[in-house]
Amino acid sequence: MTVGIVGAGITGLALTHYCRERGVDAVAFEASSEPGGVISSSRVDGCVLEHGPQRTRLTPAIEGLVDDCGLRSDLRTADTDLPLYVYADGRLRQVPFSPRAFLSTDLLSLRGKVRMLAEPLTEGARDDETAADYFVRKFGREAYHNLVEPLFGGIYGSDPAEMPGKYALQTVRKMERSGSLVRAAVNRRLEGKERQPPVSFDGGMAQLPQGLYEHNADRVELETPVERIASEGTGYRLETDEGSHAVDHVVVTTRADVAAGLLADVDAGSARALRRLYYNPLAYVHLHSEADPAGYGYQVRHDEPLHTLGVTWNASLFDRDGVYTCFLGGMENPGMVDRSERELGRIAVEEFEAVLGASAAVLNVTKHPRGIPAYDGSWTAMEDVNLPDGVTLASNYAGRMGVPARVREAKRLAERFAEAEAEASPAVAATG
């Protein structure tokens, strides 16, 4: 079996790596001159800046890739007990991650805490409700407003009221298998299960995809964009400037609109559906400040008079020399990415100083007009995506978001290809 992979972001690179381990012939084609896709890091004035994911979790699969790529000595690990905050009613308030913190938090009133503890008596997720409907029904309106909306919505830069539960609550549904989200969290604590620590690397998150590329450079073609995917016999043909490549299976890891253009000749209906998916635009403003708070950072409650969605405290997490990443835009204010870099920097500085009471200077501004999947009503379009055998979508719009989820999917796909090849081998031998 020959596998053609379109895109050398973390999914494509991990898939290439796992296919090599399992003896599956695979090659990845990447339009850019750099591997990594949305994972991108740089240095400005000696500071490491992240232009995509700010960190990942050290899952067993991620740890395996770290060791395979020889990156163990460059790994930076954050303290899992660092606090996370929500900016509400004019100040930072700590998010409770333990029973003791839940009892003492001022993010919830006594009534709000009692209502939240009634969650085990509520029903599970329904396909016909939004994420907001679900969380209000499960935890009460106060907990939703002060905790869930800024935290869950902040992951996607979206308004949970616009997110159909069928698509936005897949992870929650898995947690509900224990019968209750609260019970699942409590049991995890009682069983002593440790949270997987947040990690990055000395040179930033981009070291992981760069390491995967260097480990599999003979199977990754950079600056080689796939211009068209076409059916050919029982397989497919990937057309690039460098020529045509026949493969048995195609895995497309690109953004939805790019995938749509490539798949138009293979399945026009699925391509039209993919074009309907909406991505939230985001702007990243990297600041330098002598502020020295300890924690992950903070999310901003949606009714606060700020443009900032949240701020990651890179300085605290990974000793990033005074670096803070501010996020602006998202579903509630998509026009922010159309503002000038100077204006975005001014807003970020003023709001950072108002929240933390410390001065800051702009290091860099990065705009992502198509930032992250919104999981809004446009995601019903996925019901119309039904690609033919031999074509697989493997990206954050077709599966879960986050580096660990992308790596897990890549590993599952490689195992599936290896099993298919093993099943086909006896048949080939019998006819030989």
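Tyrosine 397 is buried, because its relative accessible area is 3% (buried means under 20% relative accessible area, exposed over 50%, and partly exposed in between, with a 1.4 Å probe and protein chains only). The model is a predicted one, in which local features need pLDDT of at least 70 and side-chain atom pairs count only at pLDDT 80 or more, whereas totals for chains, interfaces and linings use all residues. Residues are numbered from 1 along each chain as its sequence is written, and side-chain values use heavy atoms, with hydrogens and water left out.

Tyrosine 397 lies in the loop between strand E20 (391–393) and helix H15 (403–431); helices (H or I, at least four residues) and strands (E, at least two) are DSSP runs numbered from the N terminus. Leaving aside residues up to four places away in sequence, tyrosine 397 touches residues including Ala256, Ala259, Leu274 and Trp379, where contact means heavy atoms within 4.5 Å.

With residues up to four places away in sequence not counted, glutamate 304 touches Tyr87, Ala88, Asp89 and Gly90.

| Residue | Relative accessible area |
|---|---|
| Tyrosine 397 | 3% |

Helix H11 (residues 256–263) and helix H12 (residues 268–275) pack with their axes 8 Å apart, at an angle of about 160 degrees; axes are lines fitted to C-alpha atoms, for helices over the stretch in contact, and angles run from 0 to 180 degrees between N-to-C directions. H11 and H12 are therefore roughly antiparallel to each other, a term for angles over 145 degrees, with those under 35 counting as roughly parallel, 65 to 115 as roughly perpendicular and the rest as oblique. In this packing, Ala256, Ala259, Ala260, Gly261 and Leu263 of H11 meet Ala268, Ala271, Leu274 and Arg275 of H12.

An open sheet of 3 strands runs in the order E11-E12-E13 with antiparallel pairing, where two strands pair if DSSP finds at least two bridges between them. Strand E11 (226–232) and strand E13 (243–247) stand at the edges, each with a single partner strand, so one side of each has no neighbour in the sheet. Strand E12 (residues 235–240) pairs with E13 in the antiparallel sense over 5 bridges, and tyrosine 236 has valine 247 in E13 as its bridge partner.
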